[in-house]
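Subject: Structure for your review

Hello,

Here is the structure we discussed. My notes on it follow below.

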Amino acid sequence: MATSDPVYLRVVEDIRRQINDGTLLPGAPIPSRAQLTRKYQVGETAARHALRVLAAEGLIIGRVGSGHYVREQPELSPLHRWRFLDHPAPFAADLQSQGRRVTWDWHSEPAEAGPDIARRLRVDESVTVSRTRYVFRGDGKPLQLATSYEPIEFAAHSEDERRSLVTRMSAHGIKITEIVESVRTRVPRPTESDALDLSAGVHVLHVERTHWAGDRPVETSDIVIPGDRFQVVYSMPM
């Protein structure tokens, strides 16, 4: 470690190493601030900051009145993209095929496209589109958030009309020819952390998905997936 590095990094890197190599197992206690100051010869401020960084990374969790412990790392479930495209909720259908019980709520409303959605749907910013927000749950626990935007004339207005997007577009004489997804990781917004019940330090996968009919985008979505619960799987037919 270079002498110019902040002293708290010595604490962070050593405890991180012990967690990653299995020296400290899930549930194991982390030394208190006082113990860290003695063991690593650092000040209390550095010890406090080290614990804060480890918690932000999702490696440890604090319990009021008890101290810090190595965080249990949940097993990641596979999330298959582009399967069950004929289902009203492909995400739910995928998890149901794995034996999970999944429910979802949705709410549609008209909304102004705005700059980002206008760019993605190739419409004017002032155009009114249909915005539908979804919350998916497994056994009552939140699993995924999604917000879909589409031209108002194609929108589903009742549960009976909530068929797969491919089927709905086909009813309007529109054939979906391509689905494009762009995936990135990011820090969750506070409302997303609350809605998904995320632990501190957990990032989300943000999937920007667009359905195309030839050279025309007919739907675009923002899908938010907890990074500590799923691994995204893509299958590329040859």
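Arg 17 sits in helix 1, which covers residues 8–20; helices here are DSSP runs of H or I with at least four residues, strands are E runs of at least two, and both are numbered from the N terminus. This is a predicted model, in which local features need pLDDT of at least 70, side-chain atom pairs count only at pLDDT 80 or more, and totals for chains, interfaces and linings use all residues. Residues are numbered from 1 along each chain as its sequence is written, and side-chain values use heavy atoms, with hydrogens and water left out.

Arg 17 has a relative accessible area of 43%, so it counts as partly exposed (buried is under 20%, exposed over 50%, partly exposed in between, with a 1.4 Å probe and protein chains only). Its C-alpha atom is 39 Å from that of Pro 90, 73 residues apart along the chain.

Helix 1 packs against helix 2 (residues 33–40) at an angle of about 100 degrees, and the axes are 11 Å apart. Axes are lines fitted to C-alpha atoms, for helices over the stretch in contact, and angles run from 0 to 180 degrees between N-to-C directions. The two helices are therefore roughly perpendicular (65 to 115 degrees; under 35 is roughly parallel, over 145 roughly antiparallel, the rest oblique).

In the contact (heavy atoms within 4.5 Å), Arg 10, Val 11, Asp 14, Ile 15 and Gln 18 of helix 1 meet Leu 36, Lys 39 and Tyr 40 of helix 2.

Ser 199 lies in the loop between helix 7 (190–196) and strand 9 (204–213). Ser 199 is also partly exposed, at 29% relative accessibility.

Regards
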